[in-house]
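Have the sequence and the 3D view open as you read.

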Amino acid sequence: MGRVAGKVAIVTGAASGMGKADAILLAREGASVVVADLNEVDGQAVADSIGEQARFMRLDVSDEDNWIQVIADTLQVFGRLDILVNNAGILTIASVVDTELAMFRKVQAVNSEGVFLGCKHAIPAMEKSSGGGSIVNMSSVAAIQGISFAAAYSASKGAVRSLTKSIAMYCKEKGNSIRCNSIHPDGVRTPMVIKAATGKDSATEEELASLQGSDMCNPEDIAQMVLYLAGDESNFVNGAEMLMDNCSTITPPVGLS
Ligand SMILES: NC(=O)c1ccc[n+]([C@@H]2O[C@H](COP(=O)([O-])OP(=O)(O)OC[C@H]3O[C@@H](n4cnc5c(N)ncnc54)[C@H](O)[C@@H]3O)[C@@H](O)[C@H]2O)c1
């Protein structure tokens with residue numbers, strides 16, 4: 001029996017990178033999965049590769065009406081909602097003085113407001129359809145350290161970190177058996193890293209292969225943490241920030257660096 005057998009999950013940003021790995025692993029462990037993304041071609045391909053257990057649904061996480069529709073469609077197709085993985089995100093490379101206001105707002109709209117909207121609409125659906133659930137929010141080490149060359153991104157991931165704790169406390173006080181946790185990776189070998197380095201919209205297999213050997217983990221490593229948080233094995237883990245950074249946020253003691 002799979003570790004999330006019988007559960008229904010929505011994974012945002014599941015057409016690529018970490019979201020794709022999350023959707024594939026959750027399905028392999030028995031969940032039905034909504035592959036939600038703006039990218040219809042790649043999202044449909046991920047759903048097709050999983051098979052019967054998956055459906056692609058087009059979702060712009062920054063659009064509230066889209067969220068309402070996707071959650072309604074999930075309940076109609078699969079009958080319940082147990083897991084929400086708020087993974088979709090964008091990265092812009094600019095320091096605070098080089099960040100235009102429009103760029104700052106766009107990053108908050110996807111990375112921060114997208115997570116807010118997902119949680120706002122998933123919680124009542126989880127309460128009604130399954131009497132509990134697990135929300136996994138993808139943050140970053142940028143929420144903890146701040147990254148000088150990614151000001152808007154760092155702010156958005158900091159918002160996700162705090163919002164996660166607020167939601168965990170809300171759900172605990174309400175006694176609705178919904179948990180909410182955040183994951184904070186350092187570098188992960190995904191198209192996002194290539195896109196940030198090259199300014200292009202996509203990454204080739206060769207470019208991704210070039211990241212092998214760098215001090216980064218693979219999307220499948222992150223998916224293992226998502227699976228743990230999504231399933232009942234983590235039922236006492238709530239409001240936690242799970243670092244996946246191979247010590248990068250630990251400052252070495254003076255004299256040892
Ligand atoms: N790759 C890293 O090094 C790294 C490190 C820490 C955190 N993260 C976070 O992990 C998450 C996944 O990143 P990734 O590296 O897999 O990136 P990726 O670029 O490979 O995938 C991101 C996916 O999100 C989708 N997306 C973008 N905007 C969207 C929107 N408005 N609505 C719906 N979908 C949208 C894209 O189409 C894409 O499929 C992001 O939140 C990112 O900030 C990544």
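## Ground rules

Axes are lines fitted to C-alpha atoms, for helices over the stretch in contact, with angles from 0 to 180 degrees between N-to-C directions. Helices (H or I, at least four residues) and strands (E, at least two) are DSSP runs, numbered from the N terminus.

This is a predicted model, where local features need pLDDT of at least 70 and side-chain atom pairs pLDDT 80 or more, while totals for chains, interfaces and linings use all residues. Residues are numbered from 1 along each chain as its sequence is written, and side-chain values use heavy atoms, with hydrogens and water left out.

## α1 against α9

The axes of α1 and helix α9 (residues 219-230) come within 8 Å and cross at roughly 50 degrees. That's why the two helices count as oblique to each other. On the α1 side, the contact (heavy atoms within 4.5 Å) includes Met-18 and Leu-25, and on the α9 side Ile-222 and Val-226.

## α3 against α4

Helix α3 (residues 64-78) packs on helix α4 (residues 101-129) at about 30 degrees, their axes 10 Å apart. So α3 and α4 are roughly parallel. Among the residues that meet are Trp-67 and Ile-71 of α3, and Leu-117 and His-121 of α4.

## Gly-30

Gly-30 sits in the loop between α1 (17-28) and β2 (32-37). Leaving aside neighbours within four places in sequence, Gly-30 touches Val-4, Ala-5, Gly-6, Lys-7 and Gln-53.

How values were computed
Angles under 35 degrees count as roughly parallel, over 145 as roughly antiparallel, 65 to 115 as roughly perpendicular and the rest as oblique.
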